Amino acid sequence: MNLGWLLLRLIIGLTILTLLILSQRFWHRAIWRFTSNVRHLWLRVGLRLVWLAIVGVLIFAFVDAARLGHHHVIPRGTFLPAFVGLWFFCALFAFIAVKMVRGLDRLWHWGRAAHRRRSAARRSSDPPLAPSVESAAPHFAVAELLPNPSRRYFFKTATALAGATPFLGAVYGFAAERLRYRVFRVEIPLAGLPAALDGLRVVQLSDIHLSGYMSREDVRRAVGMANEFAADLAVVTGDFITGAGDPLADCIEELRALRAPLGVWGCNGNHEIYARAEAAAQHLFAQSGMRLLRQENAQLTWRGAPFNLIGVDYQRERTPQGLRAPMLARIEPFVRRDMPNILLSHNPNSFNRAAELGIELTLSGHTHGGQVQVEILDHRFSPARFITDYIAGLYQRPLQDSKLEPRSSALYVNRGLGTVGAPVRLGVPPEITLLTLRRS
């Protein structure tokens, strides 16, 4: 048992739980104070009873939604889970934003007070001034001590904006960007790629998360857009659903409509583990004429040239006991040295080990691109940065088994279609990818 790892997980969990509780307490008190302004007694009591009922529903729905591995009391297809996810997401980030603005206000006030103390100390140590000037000094000191209305108005307005922005952004991200699918066309240069495989086109879907936030109609629309590419190979890199109560069969039934001459292939994601649906996903794939690879490979041929397709279940980075788990264990026998290798691995953190094994191309998902990305002064900030260096898009690193010539291994991280937690996307559109292999 790795006590350090367990302690770290405990600290992270307690921090998140504390922030959630503090944010809910903050907004509860704010709404309670707001209702106190209602003069009519019965109306005030009625509003507070309604709010307490909402709080009870929020708590119950939050606990129910957190049970990823079990059947849910509240149906996932209803509006309530989406509303609960939006509320907790918005309340948390709005609380943090408000506290940051108030912290800046206190720092400003502390800095001005320190400046006034230094100015007063300098004046007390200066030689006496002429009467006319000296008589003006007390008036100047009093003016400095008076509150600054413009500063107070500025920080009051900034606090209101900081509190409102996450709510407005989340509503926009839920209603607009969440279902605004974007097509990414990416050419991937691979050294040593046979000439016959130059131009091989692969369409990739990932992280569908068919649930209350993603309907069958939404998946059907994405599949239709993917089929418009007329790609040679179709792959789906995990997370078909979110939890055990979600309709895995419905998701795979929609994926069955994907069309590609070389077939439709897939791998499991971490949410198939949570739902205990890894074997079921493989069985449903086979029933639908597709194939889900689980620690296995298949040799495919295009224009007379073979390539090796490998698929693995979600690669855990640590065991349940907190020990570091080896990535891509027992996969080396499936790696071919006489043809290019393409790996389907939901977790992009398996890329480093894939490059060590000589795998030329890895296709992943998992990160959702962070779901929310903010750009400040040409720097992009994404929550996915906390779990991986491979957030979204194309990455390359040297192939460590290359003996004849320097070559690189490529990774493409798909931003996914669905969402987890809050049903929001901001700055990270849901993605359908067309990958074209090119000789480097």
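Buried means under 20% relative accessible area, exposed means over 50%, and partly exposed lies in between (1.4 Å probe, protein chains only). This is a predicted model, where local features need pLDDT of at least 70, side-chain atom pairs count only at pLDDT 80 or more, and totals for chains, interfaces and linings use all residues. Residues are numbered from 1 along each chain as its sequence is written, and side-chain values use heavy atoms, leaving out hydrogens and water. Helices (H or I, at least four residues) and strands (E, at least two) are DSSP runs, numbered from the N terminus.

**Helix H10**
- Glu278, Ala281 and Phe285 are the buried residues of H10.
- These residues sit on the same side of H10, because they cover an arc of only 60 degrees around the axis (the arc is that of the directions from the helix axis to the C-beta atoms).
- Ala279, Ala286 and Gln287 are exposed on the other side of H10.
- Among the elements covering the buried residues of H10 are H8, strand E4 (264-267) and helix H9 (270-274).
- Glycine 289 follows H10 and has a positive phi, near 80 degrees.

**Helix H8**
- H8 spans residues 248-255, and its buried residues are Leu248, Cys251, Ile252, Glu254 and Leu255.
- Seen down the axis of H8, the buried residues fall within an arc of 155 degrees, so they line one face of the helix.
- Their packing partners are strand E2 (201-205), helix H7 (216-227), strand E3 (233-237) and helix H10 (278-287).

**Cysteines**
- The whole structure holds 0 disulfides (a disulfide is a pair of cysteine sulfur atoms within 2.5 Å).
- Cysteine 90 is buried, at 3% relative accessible area, and cysteine 267 is buried too, at 0%.

Definitions and conventions. Contact = heavy atoms within 4.5 Å.
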